[in-house]
Amino acid sequence: MPSPPPPPPQPECLNCGEFIFSNGVTCKAGQFHPDCFVCAHCFQSSTVDSEFNMNENIPYHTKCWINISVPDCYRCKKKLIGGKIIKAEGLRFHPGCFTCSMCNTALTNGYILHENSPICIICNKKVITIRVREEYRQK
């Protein structure tokens with residue numbers, strides 16, 4: 001009489017590496033013990049009912065993932081989620097936020113970086129004029 005087949009191997013928890021014998025949490029990446037399935041950012045539990053993202057087999061609440069992975073708009077400091085993004089001089093903006101930091105005019109005709117913020121050509125001329133006047137007064 002042939003011997004029965006061996007039982008299937010127990011899955012290992014992606015967090016702690018220990019075997020899961022019952023009540024594991026399963027996702028596309030693999031399985032976790034319920035106590036090991038926590039957000040890697042806030043360390044609060046991530047239940048099957050909560051929204052979460054997996055990054056390199058590590059769970060994150062969707063809100064936590066957005067907070068740590070999505071850049072902020074340089075001007076308004078809100079997250080750049082969806083839609084168009086304007087990149088200038090290593091800075092990122094919502095299209096409506098890409099405005100002169102001095103007069104708030106849309107920067108459609110070019111810009112100059114002044115004190116780490118973009119300004120329009122007209123304001124740049126004003127800045128240059130003020131500098132020239134100050135230098136003249138100091139002489």
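Of the 139 residues in this protein, 24% count as buried, where buried means under 20% relative accessible area, exposed means over 50%, and partly exposed is anything in between (1.4 Å probe, protein chains only). What you're looking at is a predicted model, in which local features need pLDDT of at least 70 and side-chain atom pairs count only at pLDDT 80 or more, while totals for chains, interfaces and linings use all residues. Residues are numbered from 1 along each chain as its sequence is written, and side-chain values use heavy atoms, with hydrogens and water left out.

**Overall shape and surface**

- The radius of gyration of the protein is 27 Å, whereas a compact globule of 139 residues would come out near 14 Å. That radius is taken over C-alpha atoms, and the globule rule is 2.2 Å times the number of residues to the power 0.38.
- Along its principal axes, the C-alpha trace spans about 105 × 30 × 25 Å.
- Take the contacts with a separation of 6 or more: residues 24 or more positions apart account for 12% of them. A contact here means heavy atoms within 4.5 Å.

**Helices and strands**

- The protein has two helices and eight strands. Both kinds are DSSP runs numbered from the N terminus: helices are H or I with at least four residues, strands are E with at least two.
- Reading from the N terminus, the order is β-β-β-β-α-β-β-β-β-α.

**Cysteines**

- A disulfide is a pair of cysteine sulfur atoms within 2.5 Å, and by that rule the count is zero.
- Cysteine 16 is in no disulfide; its nearest cysteine sulfur belongs to cysteine 13, 3.8 Å away. With a relative accessible area of 37%, cysteine 16 is partly exposed.
- For cysteine 103, the closest cysteine sulfur is in cysteine 100, and at 3.7 Å that is too far for a bond. Cysteine 103 is partly exposed, with a relative accessible area of 37%.
- Cysteine 64 sits in helix H1 and counts as buried at 11% relative accessibility. Setting aside neighbours within four places in sequence, cysteine 64 is in contact with Cys39, His41 and Cys42.
- Cysteine 64 and methionine 102 are 38 residues apart in sequence, and their C-alpha atoms are 34 Å apart in space.

- Threonine 99 lies in the loop between strand S6 (91-93) and S7. This threonine is buried, with a relative accessible area of 11%.
- Not counting residues up to four places away in sequence, threonine 99 touches Arg75, Asn104, Thr105, Ala106, Leu107 and Pro118.
- Histidine 114 belongs to strand S7 (residues 112-114) and counts as buried at 14% relative accessibility.
- Leaving out residues up to four places away in sequence, histidine 114 touches Ile119, Val127 and Arg131.

**Loops and backbone angles**

- Most residues other than glycine have a negative phi.
- Lysine 77 has a positive phi, near 70°, and is not a glycine. You'll find lysine 77 in the loop between helix H1 (62-69) and strand S5 (86-88), where it counts as exposed at 52% relative accessibility.
- Glutamate 115 also has a positive phi, near 50°, in a residue other than glycine. Its place is the loop between S7 and strand S8 (117-119), and glutamate 115 is exposed, with a relative accessible area of 70%.

**Towards the start of the chain**

- Glycine 17 lies in the segment before strand S1 (25-27) and counts as partly exposed at 36% relative accessibility.
- Glycine 17 and histidine 33 are 16 residues apart in sequence and 9.6 Å apart in space, C-alpha to C-alpha.
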